[in-house]
Each structure stands twice: as structure tokens, then as C-alpha cells.
4 protein chains.
Amino acid sequence: MKRAGILNVTGYAGAELARLLHAHPDIELAAVTGRSAAGKRLPDVFPHLWQIDLPIAESLEDVSVDVVLSALPHGAAAEQLLPHIERGVPVIDLSADFRLKRVDEYEASYKVTHPAPHLLQRAVFGLPELHRGEIAGAKLVAVPGCHATGVILALAPAFAAGLIEPDVVADTKTGLSGAGRALALAVHFPEADESVAPYGLDGHRHLPEMTQELGSLAEAPAPEITFVPHYIPMTRGILSTCYARARGRLAAMSAAEARVELRRAYDAFYADAPFVRVSDGAPSTKHVMGTNDAIVHPSVDLRSGRVVVACAIDNLGKGAAGAAVQCLNLMLGLPETAGLRQMALFP
Amino acid sequence: MKRAGILNVTGYAGAELARLLHAHPDIELAAVTGRSAAGKRLPDVFPHLWQIDLPIAESLEDVSVDVVLSALPHGAAAEQLLPHIERGVPVIDLSADFRLKRVDEYEASYKVTHPAPHLLQRAVFGLPELHRGEIAGAKLVAVPGCHATGVILALAPAFAAGLIEPDVVADTKTGLSGAGRALALAVHFPEADESVAPYGLDGHRHLPEMTQELGSLAEAPAPEITFVPHYIPMTRGILSTCYARARGRLAAMSAAEARVELRRAYDAFYADAPFVRVSDGAPSTKHVMGTNDAIVHPSVDLRSGRVVVACAIDNLGKGAAGAAVQCLNLMLGLPETAGLRQMALFP
Amino acid sequence: MKRAGILNVTGYAGAELARLLHAHPDIELAAVTGRSAAGKRLPDVFPHLWQIDLPIAESLEDVSVDVVLSALPHGAAAEQLLPHIERGVPVIDLSADFRLKRVDEYEASYKVTHPAPHLLQRAVFGLPELHRGEIAGAKLVAVPGCHATGVILALAPAFAAGLIEPDVVADTKTGLSGAGRALALAVHFPEADESVAPYGLDGHRHLPEMTQELGSLAEAPAPEITFVPHYIPMTRGILSTCYARARGRLAAMSAAEARVELRRAYDAFYADAPFVRVSDGAPSTKHVMGTNDAIVHPSVDLRSGRVVVACAIDNLGKGAAGAAVQCLNLMLGLPETAGLRQMALFP
Amino acid sequence: MKRAGILNVTGYAGAELARLLHAHPDIELAAVTGRSAAGKRLPDVFPHLWQIDLPIAESLEDVSVDVVLSALPHGAAAEQLLPHIERGVPVIDLSADFRLKRVDEYEASYKVTHPAPHLLQRAVFGLPELHRGEIAGAKLVAVPGCHATGVILALAPAFAAGLIEPDVVADTKTGLSGAGRALALAVHFPEADESVAPYGLDGHRHLPEMTQELGSLAEAPAPEITFVPHYIPMTRGILSTCYARARGRLAAMSAAEARVELRRAYDAFYADAPFVRVSDGAPSTKHVMGTNDAIVHPSVDLRSGRVVVACAIDNLGKGAAGAAVQCLNLMLGLPETAGLRQMALFP
């Protein structure tokens, strides 16, 4: 049994981490921290975590752990993780602090000075479908943003195979747990219920991650992504619908042929990815609720010939805590799927 | 007072027509028909329509009316409307039967032989924002499909001003009343709730309308639209998010300048449209619930320079029954907004 | 046209008042106030009220109005209404400040000192179904709490006819707009969605109103009500399910006979109430959404012989703003249904 | 590993059984049947069960299993289970066929002739909190109805300790998965969404189970329960709110004292029940979503002195498939909590 600690257990990602790690066969959840709730016990804050009767500590300093997972917000995460990193403890960060390679991109997006820019090159982007080997050897892993995960999983095989033009539209639909536990009018039930709206039209912070990761794959020039997220009146799930012009040999085919070719590329790309299912039909977020799975459906529009890929994930699963546990498994030499095999809660 | 009759009042569009016409200051709802429910009274089928104590008839043949509105499905609509059209009664059809000018497009999309192709050229597309004058003089008006209304309203000003390339992505999110009252697993609460999924990936029937109408506006070549609708766990509302590359002078501007220029084009295009509001912020479907309004928000993505336009309507309002009443007003010489001025039910 | 002013338009009840008064044929909405939003215009706070381009003022002092409606919270309401009352302006208060006749009941429930206890006897309880005549002659009317309205409408006919024992269970289910616009974890979408929970188990403030009003009707001893409200994952609507033992002649009948007898009492009681429908089937809150209607379904349990009455209202309609407008109509000598005839938005 | 077979896997309870048994450490799910879907594979019907690549068979006849679980509807269940029972295979039935001891009660409620009334006395009511020992030794166990489970768990300790009068109101609120997968207008999203309504006002079939089980516990005369279920716009969960007059020594206490005394009785009654939590605060169905847990909150109304007990379960968990697995564990000599320890999916 390896011992894990969670920084900032009191948000939704933190709570989901606790739930997953408690059920993990090879992990003992040793300690958790939280800012405002320090001093309480975990079930006082989250009654559904009644089996985890841990105190909420102020820090992990006095606890010996084999791995630290942070669900702190950006800025705070890098700061509080630094001592653990320096001590050589494997660290998994769910914030944006170590996702981007370029500190200028980070500082432009997040409007803060990065507290530890020297670590950016050492950090590994925590998407095993792209970086499995590196994650296995890493001491510092940055779990991608939930929108980024969906969009990258949707497009990576097509970019990697040079099958689409770099000019991409990514239209995502997210459940409201994606907005976090902090109170806000946009997440107030009477205003969010029965309504759909785009947000982030002036630029969303997850975009640079998408560009960085898809750009490292493409044979084509750097991706140019127009990314618009939408709030949907549900709790969990992100559906990412991505659009791009076919390129190269795909562009020369009929739409029907292109569908087959595209599917082949996706099947190949994800052949060894235990959590990604390439599907025949349109994916539904409900089919991944509560899991670390992604359903990816590549298609070609029969009229326009445009490539359309839809990807469904649980924003708190594969989009956050599930991905973190998957990285943890790789980093600690455990089976990649340990603790992550549950099927979706349906209906 | 003009007398109106409704064909097939027993679906959601028919019921909404009844609700609107009952409250209309210049209209008397004289008779309604329904297939399976014939013989019952309207409130037996729809308790919320308790003030409209009309019998549900088999046909409107014996009733003298000044206008007929049909909420019949395609195919049945044209057939049952023919006698009224031949008698010279003004007719408003909510089905697809008279929307398309080209019978081959219709028959390819709807897989039926058109019962009255000779009427297609006489029919007017019932979107007053594009065809106000023609509707005012028409005897046969075809109300657009709900997805088509949203997408056309989102893109018409940009196409008309030559500000976007014809290669367009239209990603729409619709509430489940859009799927109608017929029972289906996709609309079964436990399966639809807490889930988002695309549908119609093999082609949606509303696409030809969009192409026809936007194509008649564009200075550019014919629009090439990739259209993907999505089911959203809510009852009413469609949000259409549309993406296109800037063109001509817009493409030469900075994104900030392009936003101003684009907004100017939208303000001008909708200057006389009483139901369209060009908005500063992202539109939310809840802000139009129960109305005939459309909120259109044109924007330019600051990173990619791509034009992004979002449009919110109520699929049963401006997307169906509201639009029908707006056309009725124009056809009968009534004020365009008569009976349609209610503001959204919020929250 | 009479001129109306609204105090505290910035909550849900205030916004609904504005929506209803704007559409009212005999009322001009002259001015609105709001605390934090003073200085803005109404559509800046509530985009759905785009047709009401009024500034949000700090007070109504400089405005001449024929009636003042207050959506202020308790305590603040009485204080700010006092000058208007003293000036003789008709006043309609949606808070609890003038609902209870006994100041000790008020102060025990609301934990504040009443700023104007001398007015309690002059104030009329704003439920026209019980107090139509008094309201018509009143200068100060207190609109009941939303739960109280549902429970009183459900039980008043049975109490008035002496058909039930005073020992009553009232189990209510309310949409979350009932919790108001102030942010709270219980109304945070991810926590409220897909969940039902009771609240107020230590006593809910609407109880004394129910006891006062039903107690004034009963032939039996004072009602003893156990009242438990529940939050439901929807926005609008309250369903009140009320249970009591049959009494007197009803207790001597078979359940089938008792159903007929009970129904007769309800039909008679509500014969002149334009907004109450006594229904044959179980009521659904969706059938009253957006209206001032109440659907009341009296029944007798076939096994236990117990009386069960279910009542559906829109908590912001008949439960708040609709009731206020109904009272306004009576106070100003307008038709009781003026501005309130719209049918429910369904589906 | 014991081998289990499921009859009728194609409804929601059947699918949840499959999900739970697949994850069960001591069970191998050997075969599943389904009526209309026979011939397909399980993931074709339920994509979320992608890890269970079993064919859907017509029957279990040719399969050797250690236990049979039936999610067939009543009538069909008894018929198809008979051969397995006669062969001596342990059987767990989720239908009503073996819940009631009195065949006349069954036939009056279900309007069918019981195919095997001789088995009723042998069958054990599958609520381990009341019948743990009997279930452990049983070959035929009948899992209670979901409403019955909630109401019995809410009231059993109070009845067993003689603390409440037998005259009880049980008001339950159920998510719509409780209505099953068969299509119906009451479960059609646009009609069910944003609405609450009672149903079964002429008598609900789960009532006799409640009476039978609580009656076997009570020191008082037979319970007389008025039971009214309500549909709630959510997918999973039942909240049961139960009301009864205090009795005996409880009736003589102050409300505050009675709360303590009542709580003591509940703590004692559930001391050995691993899935029942007696809670300090009001329970929320979201806190048990996806689990076999029940949260029970006993209280005493401070004004009326009436006992109010609220109980939250997942209708597909403790209300159906979870309870079945709990019984299976006991019947097969496995740890009672095997395969059932997951905590709720929250938010």
C-alpha cells in the first residue's frame, strides 16, 4: 500500500480524488488538507465521504506520504507543492500551474507570476494517451484541464495522422460541476436550470493547453483552435464537438471512404489506451458518468466532407480526479487501471 | 376579430399555437383538429389549456376561418392544406412541406413524394427578418424549422454583408421539446436527464433550409454548412453557435476592430426587427423562454480572428408557434407584434 | 391607468412583479427600487425585462404612485413601507411583516422586533379566496408566504365545512426559486440538481400563517399542523400534499361517498374563485407554471379513509407576485383577473 | 467465485444488477437473459456496460449458476423462477411475486392469479435490516419494493419500540428511474421535467408490503398507512417522509426529550446494519446516489410533537439491485458488504 495525501480536498475535484483513492486497492489515503475547513473532519464537509473519517489538516508537512495530489487553484498549487517537489515526493497537480511549457503563455492566461518557472520543463502533461511513458518516469505531473482533455482526445489521432487541417473549431458543453463549488450566479440553480449559454468568448484558459499538445503531434502547422465552452444544465460531463477540414489523402476521398480511414486512424491511436473507446454511434455523456472513460466518435459530414469528432468524458473523472489517479498508477508502477474500472452510473 | 383554425393541435407546436392565439387580441381561435384525440375536448389533452374549451375536430372542413395554421407533420401537412389553399384561405404551415424551393431537395431529405410541388414557388419562407414584405402579401407561408431559424438569424447579417466565408460550422443545442411529444428512448427522462449528445450526424433535415436562405443572401458563393444538433437536458430553447472565417474587409482588421464592424452590420440588419435583440453579452436560452424573441450575439475570437455568432431562441416560440403568429400578423395586416409581446418567464 | 411602484425589484418576486405589471392593461409601472443595484437600469440586472427600461432608484420617495408593492425582506419591508402607509398610499407587502395578527407570533418566528405592530390589525391577509371583500377595501395587504398559500388553499374548504380533524400533516415540495436569488450551497446547481431533501425540520416560518388562517375558518378546534417543506430540483412550482383524518359526517361515510362529499365542498367553496380549479386528477406543478392559478385536488384514501388534498401553484405566481397583482386589482377596483389570464407555459 | 445469472437484464434494475455483480469480488456474472433483446450482446443494449460482453440469452436453462436474480415483472417472475426454485438454486426476486405472505393481498393488488402461492410462506422478505438471519438461511428471497424499503427503514425502529401510533402518513418522492424503462408520457422529458405530481392516489401496490412488515414489528395494533408517492424531476433517489403521533412514553416527553429518546431507539435498532446511517441532519438523496446506503433521520416536530422521519435511498441501489446483492451476500455466506462499499457519486 502506498500512502497518498490530497491538498485542498474541499472542492469537487478534491472530493472526487478522495472517493477514488479510498476505493483504490493499492492506496491508503493518509491525509487531506483544506483551507477554510481545517479542523473539521472530512464527512462534516462532504457527508457522502462518510467512510473516510480523516481530519482536514492545514498542511501535509507532518505526514509521510508516497505521493501528493493537489486540487488547489492555480498559483496556490505551485507554491504549496514546491516543498514536496524539492523533497522528491512524486506530485500530481490538478491545477494549470505545470501544464504549459511556456511561462509567458501561462502568465498571459492566468494573470499571475509563476512561482516556479524552472519546473515547467520537468513537468509532464498528465494525459497518458499522449505521454504514457514520460508520466511513468515523472516526479511532477500536471493533469490537463477538463475541456482540454476532451478536445485533445477528440483530435489527437487526426492531427497525429495528418488527416485534418490545423484550423479547428472546438465547441464544448460542460456540466456545472465544472464551474466548481464556489457560489456564483451562473451556477445558481434557478438561473442555470433550463438554460444553455456560451461563456469565455473573450478567451478560455484551457486553450493554450490544447494548442501545445495538439501542436506537438501535428505534421501540419500549429493548430489554430477556436474554442467556445457552454454551460449545460446538468452536473457532470463534457461533450466536446470538434470540427476541421479533411487534409491530405483524407480530403481526396469520398465522405464514406473518409469515415473508414478516419476510424482506422482512431482505432490505431487508441489501441493501447484502456480508458478510450472509439464508438460507432454518437457518444452521450451519461455513458461515462462517474468513470475515467472517454468515448470518442470520429465522423465525416456526408455533405460538407468536414471531419466532426465528438468526445464524451466525465469532467470530474477523466477530466480531473480520474486522470490524476491514472497518472498516479503509472508513476507508482501500479496497473494503469487500478481503482478505475467502475462502469458508468446509468441511468 | 379574425377567425383562426389549427390543424393538429395535439403536439407541442400545436398546443403552443393554441395558447398564443387564445391570448391574441385580434384573433378568435375558432376550431382545432387532432388525429387520435378527435372527439375529446382540448383541455382533456392539455390541462394547461383549460380556458380553451373547444372540441377537437377531425377536420376544419365545416368551419369558416380566415386563416389556417397547420402543425401537422410533413407530408400530411401539404395534403390536408391543399383544399384550404385552393379555396384561397391564407395558410401557415409549420412543417417542412413548403419551405424548400427545390422539390428534389425536399424529396431527398424527407423521403416522400411531394403532394403539391407546383406550390413550392408560391410559398414564402416564414422568416419575417428576411421576407417581411413577401409574407405580408402571401397566401401560403412555411414557418422554418427551429434549428434553421436559429442558424439563419445568427448568420444572415454576416452573409448579407459579405463578412464571412461560406464555409460554416453550426453547432446547435436544443431542449427536448424539440423532439416532439412522440415517445422515444432518447426523450425518456432517465436517459435524457444529465446527458448531452449530438445527433443527426448523418445529416439533419433542417440543413437545406439554412443553405437555401443564407445562399440567397450571400455575396459569396453558396454556403457550405456543417450542422450538428445536440440534445440538452432541458425542455425549451435552442442555442445556435456558428463559426466562420472572416472575409473581405473584416479579415483585414484586428479582432477588436472586426468586432465593432460586425456588430454594426448586425445592428443595421436587425434595425427594424422587433423580435431580434443584438446583445453585448453571451445569450442564454432562459432569457427568451416563452417568447418570440431571438438574442443574437456576434463576436470575433480574439486569438483566431474567427467570427463566432451565438443565437438563443425558444424552439416552440420563435422556432415554431411564435414565428407562425408573427407571420399571421403580417399576412392579416395586423401589427407585427400583436399577441407576442410577453417577456420571458424567468427564472 | 394607475401608477405602481415596486420596492426591491432585484429579487425573483420583484422581477416577476415587474413582468406582470408591465403587461397589465390598467397599470403603468412607474418606478422600481433596489438596494445594491441602484443606479443601474432594470434590464442590466434582468435581461429578460428588456422592455422595461426603468432606472433602479434608491427609493420611491419622489415618485407619485397609486400603489406601492414591496418585495423587500421582512423587517426592511415594514420600515420602508411606513411612510407610504402614513401617506395613505395603498400598499401591498410580499414579506411576512403584516401577515400575522399576533406580534408575539411574528417576533418568535422572525427574531426581530416588529417596527410597526400597531398596523397588524389593519392589515388584511392577501388571499382573496378567503378575504376578497376585506382586500377590496384595504389600504394595507400582506401577501401570504408561498407554502402558506398552497396549504391554505388545499385545506380551507375542508376546515370551513368541518370535514377534517384539526390534526394535519402538510408536506410541501418547492422549486428552488423559492430559496431566492441569494447565493447558497443548497441552491448551488451541482448540489441541488438530482436531489431531494426536507428542510426547516426545526420549524418553518410559514407555519403560523397557516394556523392563523385555517384556525379562523374551522368549526373544529385550532388546527395543529405538522409542516415539512422539501427542496425539489426544479425552478418554479410548489406542490402541497396535505393529510387529515375525516371528521363528522365525512368520517361516517365510505371512502367513495366521502370523495363525492368532499369534492362538493371544494366546488362550492371555490365557485367564485377565478384562479382556483378543483381537479379530477392529480395536479402537476407544470400545469400552472407562469400563472396565478391553483389546482386543488381533494381525495380520500380508499384504504385508510384519510383525506388527502394536493394543491399545485407557481411559487412566484399565486405564491407571490401573481397574488400581489390579484390583490392590487381588488384594491384598485379593477377586474380581479386583469393582467393575470395567461395560461401555463407547457411543456 | 460463485456464478450468478440475471433474468431480464434489460430494464434499469437488471442493468444495475449487472453493473454491481460485475464489480463484485466474489461473483462471476455468468449469464443474462432479456425478452425483446435476446440475441444481442449486453453492451448493444446498455453501452455503459461495455465491460460485460455477454450475449443476452432467452433463458438460463442451459447455464449452471449458483444463484439466480430476477428483474422480471411480477407474474412473469414467479413463472420463470419456478424451475430454478424446484431445482434448489438460490433465487432472489426483485418483483412483488414473493413479497407478501397473503395470496389474497397479492392478487387484490396485482390483479393476477399467483402462479405459485405455495411458495409464499417459504419466501423471505429481502430486507436484511429486519430479516438478516432468515435471509442467510433462505433459498428464495423477495427484494422489497423501493417505496416500501424507504418507508419501512424510516419507521421500523419506532414501531419496534412502540414509540409511535399506528396511524401513519408516508409521503415519498421518487426519481423517474422508478417508473422503469418502458416509455410513457409521465416519463417523457418535456412533461416530467420541472414538474412534481402525486400519483397512485387510488392505492399503490407497495402499501401492503409496508403494512405487513411494520405490522410484524409493532407492539401497537396493525399500522394504518396513508401512502402517497410523488414523481420528482430527477433520475435516481427516493426520499420518504413519514409522520406519526408519538405514543407511550414518547408522548409524555417534551419534544426535545423525545428527539433524544427517538434517536436512541434508531441508533440501537441499526447498530449492526452496515448500510444504514442514522443522521443528525436532514438527508438528501444525492448523498446516497449509486450506493446501497440508507440515511435515516428521526425527528420530532417541536410545535406539534409529531414524529417525523425522513429516509433517503437510491431507488436502484438499496431500493432494488443493491438490496438484491446484499441478500445474495448473506445467502451465499459472503461478507454482507461485499461489492457494495462504494460511496455516493457526488456531486
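I started with strand β2 (residues 27-33) of chain B, which pairs with β3(B) in the parallel sense over two bridges. For pairing I take at least two DSSP bridges between two strands; strands (E, at least two residues) and helices (H or I, at least four) are DSSP runs, numbered from the N terminus. Across from B:Thr33 I found B:Ala57 in β3(B).

Before going on, a note on ground rules: this is a predicted model, where local features need pLDDT of at least 70, side-chain atom pairs count only at pLDDT 80 or more, and totals for chains, interfaces and linings use all residues. Residues are numbered from 1 along each chain as its sequence is written, with chains lettered from A and ligands numbered from 1 in the order in which they are written.

Next, the whole sheet. I read seven strands of chain B in the order β3-β2-β1-β4-β5-β7-β6, an open sheet with parallel pairing. β3 (56-57) and β6 (124-125) of chain B are at the edges with a single partner strand each, so one side of each has no neighbour in the sheet.

Then the helices. I looked up α1 (residues 12-22) and α10 (residues 317-331) of chain B: their axes come within 8 Å and cross at roughly 40°. Axes here are lines fitted to C-alpha atoms, for helices over the stretch in contact, and angles run from 0 to 180 degrees between N-to-C directions. The pair α1(B) and α10(B) is therefore oblique (under 35 degrees is roughly parallel, over 145 roughly antiparallel, 65 to 115 roughly perpendicular, the rest oblique). From α1(B), B:Ala13, B:Glu16, B:Leu17, B:Leu20 and B:Leu21 meet B:Ala320, B:Ala321, B:Gly322, B:Ala324 and B:Val325 of α10(B); contact means C-beta atoms, placed from the backbone, within 7 Å. I sorted the residues of this contact into eight nonpolar, one polar and one charged (Ala, Val, Leu, Ile, Met, Phe, Trp, Tyr, Cys and Pro are nonpolar, Asp, Glu, Lys and Arg charged, the others, Gly among them, polar).

Last, the two chains. I get 43 residues of chain B in contact with 43 of chain A. β10(B) gives the largest share of chain B's side, five residues. By class, that side holds 22 nonpolar, 11 polar and 10 charged residues. How does chain B superpose on chain A? A rotation of 180° with 0.0 Å of shift along its axis does it, RMSD 0.0 Å, by least squares on C-alpha atoms of residues with pLDDT of at least 70 in both copies. That is the relation of a two-fold axis.

Notes: Two residues are in contact if their C-beta atoms, placed from the backbone, lie within 7 Å.
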